[in-house]
Amino acid sequence: MEVEGKVKMVGETQTFGNNGFRKREIVVTTEEQYPQHIMVEFVQDKCDLLNSVIVGQPIKIGINLRGREWVNPQGETKYFNSIQGWRIESAQPQASNSSAGIPPAPPMDSFQPADDLNEEDHDDLPF
């Protein structure tokens, strides 16, 4: 799954416990009729993916939904959800094409129409 929008906030990396568990949060505002402010957390080595992200930047984040069950001291079972990021990229098509080394496609009118088609040639395509 993916979340796409503009970066509203990038939090600092937080460290928890004796084993050094790391977590970092980012808030992305979706661009739709009713914009949503979606908080996504990155954990452990994925925290470093947010180092070059800036507020206002359009981005696309690959996410996983996580769910947990917890039983409180009174014996009541509670459920919690989180959105965990694992990939982040610029949502600008020009930046993603140029960074991947893919040249833009030529306009359709630059192609010559095929005029040597023979409708009676055998075609082995199943459709």
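Colleague: Is Trp-70 buried, partly exposed or exposed?

Modeller: Start with the cut-offs: buried means under 20% relative accessible area, exposed means over 50%, and partly exposed is in between (1.4 Å probe, protein chains only). Trp-70 has a relative accessible area of 45%, so this residue is partly exposed. Keep in mind that this is a predicted model, where local features need pLDDT of at least 70 and side-chain atom pairs pLDDT 80 or more, while totals for chains, interfaces and linings use all residues. Residues are numbered from 1 along each chain as its sequence is written, and side-chain values use heavy atoms, leaving out hydrogens and water.

Colleague: Which residue forms an aromatic pair with Trp-70?

Modeller: Rings of Phe, Tyr and Trp (its six-membered ring) pair if their centres lie within 6.5 Å; planes under 30 degrees apart are stacked, over 60 edge-to-face, and the rest tilted. That rule gives 1 aromatic pair here. Trp-70 pairs with Phe-80 in a tilted way, at 6.4 Å centre to centre with 55° between the planes. Phe-80 is partly exposed too, at 37% relative accessibility.

Colleague: Where do Trp-70 and Phe-80 lie?

Modeller: Strands (E, at least two residues) and helices (H or I, at least four) are DSSP runs, numbered from the N terminus. Trp-70 sits in strand E5 (residues 58-71) and Phe-80 in strand E6 (residues 77-90), so the pair ties together parts 10 residues apart in sequence.

Colleague: What about the phi of Gln-44?

Modeller: Most residues other than glycine have a negative phi. Gln-44 is not a glycine, yet has a positive phi of about 50°. You'll find Gln-44 in the loop between strand E4 (37-43) and E5.
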